[in-house]
Every structure is written in C-alpha cells, then in structure tokens.
Amino acid sequence: MGRTYLVVTFGVGLGALNTGNNLLYLVLGLLLSVIILSGVLSERCLKDLSVRRIGTEGAFAGEPFAFRWGITRKRGHAFALTLSEVDSPLTGEGGVGYLPAGAEHVVRADLTAPRRGPVKLSGVRVTTTWPLGLFAKTRVFALEGTLLVYPRRGFACEDPLDAAVGHVGEANNPRRMDGTGDMAGLKELGEHEDARRVHWMKSASAGKLLKVEREREERRTFILDVKTGLAGDVLERRCEEVAAQAHRLLEAGHEVGLELPGTRLRPGAGSGQERGILRALAWLGFEEQREEAA
Amino acid sequence: MTRPNRLRLILRDLGTGAAFASMAVSGQLPIWALGLFAVALVVALTGRRPFSRLPRLTAVLLVPLAGALYLAVASGRMDLVVAACSFAGLVAGQRLLSETSPSTDGQVLLAGLLMVAGGAALSGELFFAVCLMAFAVLASLSLGLAVVEAAVPVGEPVPVREVMRPLAKGTLFALLGAVAFFILFPRLNWNVGARRASPGLGTATSGFSDTVRLGGSGTLKSNPRVVLRATLAPDPGTEQLGAYWLGRTYDTFDGQEWSTIGAPKKRSRTRVTLRPGADKQVYQKVELLPAYGSRTLIALETPSKLGNALVHTSTGTRRTQLQELGGDELRFVVEGLGYSYEVYSVPPGTDTDPGKLEQLEHDQLLALPDNLDPRVTELARQVLGDEKDPLTAANKLSSWLQREYTYTLELGGDVTDPLTEFLFARKAGHCEHFATALTLLLRSQGFQARLATGFFGGERIGDEYILRAGDAHAWTHVLVPGRGFVTVDATPPAFRANQSLELLESLVSIYEAIESAWRSSVVDYSFRDQMNFVRDLTRPPRAPGDKKRLDLPPMRAWVTAVLVGVAVYQAWRYLSRRKPRTKALEATRFVDAVERQLAAVGVKPRDGETLEDVSARLTREAHPLAPAVSPLTRRYLEARFGQRALQPGESAQLLKGLKLAIAALPPEEKHQQKARA
C-alpha cells in the first residue's frame with residue numbers, strides 16, 4: 001500500500017507543479033506530512049522495547065506450533081507490533097495490538113517449521129505499520145537460541161517388531177492377549193475381545209458385559225531403532241515412522257526404548273519417554289550442532 | 001461483525017464520502033455520478049455489502065461505464081478531468097459495496113485520495129478544505145484502527161479507546177504539517193495544463209446572455225451570494241446605495257425575447273471610452289467575484305470609461321483586454337475566476353451623450369414586435385393621453401404600472417405572449433415584465449426606449465459596497481433629446497433590490513468572508529506571498545509614516561526565532577537520546593584525576609602500568625606519596641570492579657587528601673620527582 005501511496009503522492013506533486021493549483025499543493029503537503037508522521041510514530045513505537053523468547057512446548061515439523069515471546073516497553077505505549085523470528089526457516093508471526101508501558105505482554109504465534117532438527121535462532125524481528133499501515137518499520141533484537149523441531153507427526157506404516165520383553169506372569173499365548181496381574185478395574189467388553197475375561201457377576205448386576213482389567217496386563221517392552229547409514233528423505237521417513245510408532249506404543253501403555261546410531265535410550269513409558277525419544281530423533285543427523293549447543 | 005470493525009468501516013465509508021464531496025462541491029460532476037455514489041454510500045453505511053457475492057461481475061460492469069465516459073470525452077461532451085473524477089467515484093462506490101478486506105480497505109482509501117486530488121483540480125471552494133480535512137481525519141482514524149485490528153490476535157478485543165487518542169493527536173500533527181508544508185514549499189509552476197477554477201458554491205448569476213427571455217422563474221432575486229465588491233470615490237457614505245449598475249442593454253423585442261442588433265467590434269482594448277466624461281465623475285474600483293459567473297463588465301450608470309482590467313485565475317493574476325459588443329456591453333476577452341477593473345461613471349442626473357448610434361440602432365429603439373397586441377398601444381394611449389415629453393410620459397407610465405400591477409416571482413411556465421399575459425391577464429410579474437411593459441408602451445407612442453439589465457442596490461460593508469446575485473435587475477432607458485438615455489424604473493421600489501431573508505444574508509455574508517479569506521490566503525497563495533511571509537518574519541517593520549526601518553526586529557521575528565530554537569533543541573534532544581553516548585564512569589573520572597595530580601609532581605605511570613601498579617611501585621620505593629595513593633587505589637578498585645560505587649562528594653574528599661599529601665612533600669623531593677619525570 002505504501003508503494004501505491006508514494007506513486008499517488010508523486011502524481012499529486014506532478015499535478016501541483018504542472019498546474020500551480022494551490023489546493024494540489026495543500027493535498028501534497030498532507031500526503032508528505034503523513035509520510036513523515038508515519039516514520040516518526042513508527043520509530044517511537046519501536047523505542048524502549050525489550051523482548052525475551054519464551055519458546056514452545058513442542059514443535060513438530062510441518063505443522064503449526066504455539067510459540068511465545070515476552071515483550072515489554074519501559075516508557076510510553078506501542079501499537080500494532082508483530083513479532084517473528086529473524087533469519088530462520090520458521091514461518092508465521094504473532095501480534096499485539098496495544099502494549100502499555102511497564103507490563104510484559106506475552107505474544108503468541110503459530111509458527112511452522114519445514115523440517116526436523118535444531119533450528120538456530122539469532123533474533124526476534126519486531127515490526128510495526130503503525131499508525132496508518134502505509135509503511136512498515138522493523139527492529140531486530142539479537143537473541144541467540146535453538147529450537148528443536150521434532151519429526152513430523154504422522155502414521156506408522158509398519159507395525160513394530162516383536163516385543164523385546166513379553167507378558168508378565170503366565171506364558172505367552174497368542175490367543176490370549178490380556179495380562180494376569182492384580183485387578184485394576186472393570187470395563188465394558190469391546191468387540192472381538194476375549195470373552196473369558198468377563199466378570200459374570202458384575203455383568204449380571206450391571207446388565208452388560210464387563211471385563212476385568214488387570215495391572216500391566218497389556219504392557220510390553222519394544223525397542224525401536226533407526227539403522228545406521230540412512231540419510232536424506234529415507235532418514236526423515238524413518239524418523240517420522242519411529243516417532244509415530246513410539247507415540248502409539250506409549251499411548252497403549254507399553255515401554256519403548258530407542259536405538260540410534262551412536263545413541264541408545266533405555267525403555268520407558270509415559271510422556272517423558274516420548275519426549276526423550278522425539279528429542280533424540282530430532283538431533284539425529286545434527287550431532288555436530290548438538291555438540292556446539294552443549 | 002464485531003463492534004470495532006463496524007466503527008472502522010463507518011469511518012472508512014464516511015471518509016470516502018468526504019473525498020467524493022470534495023469533487024461534488026465543484027458542481028461539475030454529472031448528476032448520475034452523484035446519484036450512484038450517494039446510493040452506494042448510504043447502502044454501505046447501513047452495513048450491507050451487496051457486491052460481495054459478485055465482486056468480479058460488478059467490477060466488470062465498470063468497463064462499459066469507462067467506455068461510455070471515454071466516448072463522452074472524445075466527443076467533447078465531457079471534460080477529461082470531470083470524466084476521470086466521475087469514474088473514480090464509481091470505482092469507490094463499487095469498492096464500498098464489495099466485501100471488506102484489508103486490500104479492499106486500501107483500495108477504497110486510495111480511491112478517496114485520488115478523488116481528493118480530483119476535487120483539488122476541479123474546485124477552489126472553501127468546502128473543499130472542509131472535505132479535505134474530514135477525509136484526512138476519518139481516513140486516518142480508519143487506517144489506524146485497521147492496523148491495530150490486524151495485529152490483534154483473532155478473538156481478542158481491539159483496544160479502540162487506547163488507539164483513538166494517539167491517532168487523533170497524530171492526525172492533528174499531520175494537518176499542521178500540511179499547513180506548514182503549504183506555506184513553505186516553494187511555488188514552482190510549470191504551467192503546462194492549468195484548469196479554470198469553478199465558480200463556487202451554488203449557482204452563479206450568469207445573468208448576461210445575448211438574449212433575455214421574458215417570463216423566467218425569477219428565483220435569482222432571492223440568491224444572497226455576493227457577486228461584486230466596489231470602492232467608490234468620492235465615497236457616498238450611505239449604508240444603502242440604491243444605485244443602478246449597468247451590465248448591458250437590449251433594443252429588439254420579438255414578443256418573447258430581448259436581443260440586440262449591434263454587432264460586436266472585433267478589436268480588443270485595455271481601456272474603452274464609451275462617452276465623454278463629466279466634470280465630477282464617480283470612480284469605481286470593481287471586483288467581480290467567482291459567484292458572478294459572467295464576463296460582462298458592470299459599472300455604475302452611466303459609465304464613460306472602463307479599463308485596467310485584471311483577470312484572476314487559478315494560476316495567478318494577469319492583465320486582460322476588453323471587447324465591445326452590441327448593447328453597450330463590454331466583455332472580458334479571457335475567462336477567469338474573478339476580475340478587477342476601474343470605471344469612471346457620469347453622476348446620475350447629468351446630461352450625457354447617448355453614444356454613437358447608427359440609424360438602424362436609432363430606428364430599433366422604436367421597433368415593436370410584429371404580433372404586438374393592439375390593446376397595448378391602446379392602453380398606452382389611454383394612460384398617456386397626448387403627452388409629448390418622453391421623460392414625463394415614461395414617469396407617468398411607470399407610476400401607473402406600479403400602482404395598477406403587483407410584483408411577484410411566482411410565475412408559471414412559458415407563455416406565448418408574456419407581455420399581454422402580464423398586462424391584461426395576470427397583472428403581476430417581476431422586474432423584466434415591468435421594464436418590458438414600460439419600454440413597449442413608450443415605443444407604441446413613438447418614444448425611443450430600450451431595456452437595460454444589471455444590478456440595483458449596493459450594501460455597505462466596511463469601505464466597500466457589495467452587490468448580491470439577488471440584486472440583479474432590469475429597467476428602462478428612455479432616450480430624451482438633449483439629455484441622452486435616462487433611467488426610468490417601472491418596478492415597485494420595494495422589490496428592486498435583493499429579496500432574500502435577512503438571516504440567510506447574514507449567514508451567506510459570513511460564508512463569503514471565510515471564503516474570501518480562503519481564496520486570498522490559500523487558493524491564490526503565491527510565491528510572492530511566500531517571500532513576503534518569510535520577509536515579514538525576519539525584517540524589522542517600517543515605522544508608521546516613515547520609510548526608514550526600525551532598528552530592532554519585530555516581535556514575530558523573536559517569536560519565530562524562539563520557536564525555531566525550541567524545535568532545534570527538541571530535535572537535538574531526540575537525536576541525542578537515540579544515540580546515547582557512553583557516559584564516563586565516576587570511578588574512571590576519579591582515576592584520571594588521581595593520575596593528573598600525580599603527574600603534576602612527576603609521578604607518571606609507565607607504559608601499561610595501572611594505578612594499582614603505580615601504587616605498588618610507590619610502596620616498593622617507599623615513596624612519601626605511597627601512603628596516600630594506596631587507599632585511593634583500593635577505593636578505586638572497589639568502585640570500578642567491586643560494585644561499591646563512589647558516594648556523592650567522596651571522590652572530591654579523597655582527592656583533597658592526595659592534594660594535601662602532595663602539598664606536604666618537601667620542595668627538594670618535588671624537584672627530584674619532576675627532574676626524574
């Protein structure tokens with residue numbers, strides 16, 4: 001819009017010079033003073049700002065993730081600020097309409113990273129088009145950091161290999177998939193589930209088939225791996241596949257371990273283990289940067 | 001749609017309306033363009049956007065309209081600038097009714113900007129300034145809100161109240177900046193495509209055409225716009241002048257229209273003498289205002305000499321020539337926004353030369369229309385009897401018409417024989433009916449007479465007399481042998497002058513005063529005015545009645561100097577705040593002072609030696625200053641690196657101790673130290 005505005009200003013200026021029409025000079029004066037005012041107010045808007053990076057809970061490649069910055073202004077207020085990461089492959093920006101003095105405002109943005117791995121962050125770009133949206137003024141706040149982007153979330157194409165550690169308790173029986181630990185609760189019997197697990201007395205009183213759930217009844221241990229020698233798209237696909245498998249298995253209550261070239265993650269369960277697996281997968285292939293960051 | 005959105009859109013739409021109004025006040029846009037835009041604006045203000053479903057189709061509809069406008073321009077039926085302005089209005093209307101989006105908003109406001117520029121090209125009106133200001137304020141507020149709205153995350157409220165105040169302040173500064181720019185920007189003029197400015201708000205009088213059709217509606221009499229200003233010498237000193245101001249005369253009446261048989265003279269002159277002057281002539285300096293809307297010169301009856309005319313155009317003022325036409329009419333050769341000229345007139349009641357009249361023109365003063373109703377002649381004979389003196393006869397007929405007929409502006413449409421209608425049917429009419437009736441009744445009895453048109457009246461404003469459009473009038477000239485043409489007015493005296501409401505006149509007078517100031521200080525602001533402005537600010541004033549300048553500059557020069565000083569200081573403060581210099585630390589200043597004092601007695605640090613090293617050296621050498629320097633060094637290190645800043649006045653106290661120690665040095669020691677140094 002600013003470019004068109006400048007063209008119009010130039011045209012009006014030519015018209016004023018051409019015709020000597022004082023009213024065109026008046027309009028030209030207004031247009032030029034708006035340009036000056038835009039510059040001064042934008043500059044004032046970006047003064048006395050300090051920015052800190054709060055970051056994100058988890059960034060997955062190829063999908064928007066919530067990213068946050070904390071922005072503060074010591075004196076005076078600022079308007080219409082947009083924040084984004086400078087010189088990084090991250091796309092997206094966050095905005096704040098009104099920033100009063102003194103209080104930190106947390107700006108949230110939905111950023112997107114195109115690929116897995118560590119992303120070096122060098123600074124935060126703060127831009128404003130205040131007051132009239134004609135011209136944008138930008139200031140970059142140098143702020144070093146690293147954002148670790150996890151593999152893209154997707155479906156696992158292959159089932160995991162056989163469990164490294166089988167059922168606890170009785171011998172493994174391919175037809176019997178349930179465990180035999182302590183009783184944990186009752187649950188309605190699902191389709192194709194083993195009818196021998198039905199608690200007949202409770203089912204009779206409830207009027208529907210209820211099965212007995214036992215502790216550790218479905219927990220097994222899997223070791224997922226990424227083979228040495230993979231690179232490029234193949235490596236990416238494998239990382240995504242392992243991440244998806246790990247997610248599915250951990251969700252199902254199993255323990256999952258990870259074997260990577262040069263790295264091994266002991267089997268574990270829960271979201272912490274999943275985070276560890278994702279982190280390890282994210283660094284895979286970027287070990288040099290990891291050493292630098294350390 | 002959320003509330004802030006609605007407010008922003010209303011501001012945007014109103015701003016666009018103001019931009020269109022800046023063109024519309026020129027009165028040059030075609031009525032269909034006005035109508036279409038007005039409808040679009042009203043619909044948009046109600047919050048409906050009917051074109052949002054068919055954005056492309058409605059945009060494509062503009063193409064045939066553009067084609068039609070092009071054809072109108074190509075065929076000469078429409079001015080190019082007017083066509084462009086009309087099209088800009090249509091585009092703005094189409095965008096107003098389209099779906100709202102950031103790009104649409106931008107397009108609407110850019111179209112508004114173009115329309116404002118078009119308005120500047122079309123109109124010199126005071127209302128243009130109002131529209132420009134309204135557009136600037138409304139568009140700025142709308143744009144500012146849009147910018148903030150775009151930065152606010154979806155679902156969060158837009159801080160309208162917080163935004164409005166700084167926006168309003170910024171807009172005010174922009175307007176002040178525009179004024180400053182306007183005053184100071186050098187007026188360069190390539191003058192390649194200057195346009196004539198418009199006549200102004202409302203209808204101009206345009207009362208002087210080659211013909212006068214009897215029986216017009218006569219609404220001109222209630223038009224209070226000022227069309228002429230004149231300074232008279234000698235000054236009559238009366239509040240109401242009650243004089244006849246002549247524009248032109250007509251000698252031929254065909255039953256419906258008055259015209260003149262005299263052919264225009266091809267030669268143009270800067271000064272024209274119509275008749276020999278009398279001893280005591282009335283000098284007039286006349287200014288015809290844009291509301292006059294005609295090129296015919298006006299002068300107090302009976303004009304003898306006219307000239308030194310200046311034409312005021314949008315590009316400046318320059319001399320112009322006059323052309324003589326039939327009916328004693330003088331016309332400016334070039335068209336302008338307004339005119340100034342000088343006139344000498346013979347005082348009323350003086351015998352005058354009727355001017356050079358050819359035989360044909362003489363005969364025409366007795367000519368009657370072919371289809372004149374015989375009752376007219378009979379009526380004249382009945383009123384006049386066997387009266388032979390033309391002036392007495394004219395006065396008799398005039399008195400009779402004033403007594404027997406009534407004045408009215410309420411007239412119907414065209415009639416076949418307006419004179420018969422007036423004399424025998426309606427028995428009511430306005431000044432043209434009375435003047436025509438008197439003229440033809442006189443002619444029917446063999447007295448030479450003609451119709452004169454111009455203005456009647458003169459209202460004193462300050463040292464000047466003004467005439468309003470409603471003062472337009474018609475009367476009769478009777479040719480009296482030996483005396484020339486004598487004015488006889490058959491219109492009842494109460495209805496001769498302007499008949500607008502007093503309140504309306506007051507309001508229009510205020511408007512005219514503001515508009516006059518607007519024209520003189522804005523529209524006609526020239527490079528010379530700029531130079532005068534700067535010179536007046538800086539040069540000392542002349543003492544009253546003395547050509548010598550005063551020694552001291554005027555108060556305004558001091559005020560200007562102070563203002564400029566404040567502006568420079570503020571700018572310096574702003575810039576120095578932007579790039580703050582690194583302040584020297586208090587501890588560093590302290591160590592510098594210590595080193596200076598030590599250097600004064602020859603104790604200087606060697607290359608790379610710090611104060612700590614110097615102190616250690618002095619201690620090793622058992623120097624008499626070592627006990628004084630040692631605590632200073634410790635304190636400096638604490639202040640510089642130990643985060644225990646020097647207290648106010650502490651450094652002075654410490655330095656005082658060092659000075660005392662130096663002063664206590666034996667003189668021979670001082671000499672040795674200096675010699676060693």
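User: Which residues lie nearest the centre of the largest cavity?

Analyst: A cavity is a set of points on a 1 Å grid over the protein atoms alone where a 1.4 Å probe fits but cannot get out, and lining residues have an atom within 4 Å of a point. Here 17 residues line the largest cavity, with A:Tyr5, B:Leu113, B:Phe135, B:Ala139 and B:Leu143 nearest its centre. This is a predicted model, where local features need pLDDT of at least 70 and side-chain atom pairs 80 or more, while totals for chains, interfaces and linings use all residues. Residues are numbered from 1 along each chain as its sequence is written, chains are lettered from A in the order written, and side-chain values use heavy atoms, without hydrogens or water.

User: How many residues does each chain bring to the contact?

Analyst: Contact means heavy atoms within 4.5 Å. Chain B brings 55 residues and chain A 41.

User: And how many salt bridges are there between chain B and chain A?

Analyst: Look for a side-chain nitrogen of Lys or Arg within 4 Å of a carboxyl oxygen of Asp or Glu. Between chain B and chain A the count is zero. On the side of chain B that touches chain A, α8(B) gives the most, 13 residues; helices are DSSP runs (H or I, at least four residues), numbered from the N terminus. By class, that side has 37 nonpolar, 13 polar and five charged residues.

Notes
On a 1 Å grid over the protein atoms alone, a cavity is a set of points where a 1.4 Å probe fits but cannot get out, and a pocket is an open set with protein on both sides within 12 Å along at least five of seven lines; lining residues have an atom within 4 Å of a point. Helices (H or I, at least four residues) and strands (E, at least two) are DSSP runs, numbered from the N terminus. Ala, Val, Leu, Ile, Met, Phe, Trp, Tyr, Cys and Pro count as nonpolar, Asp, Glu, Lys and Arg as charged, and the others, Gly among them, as polar.
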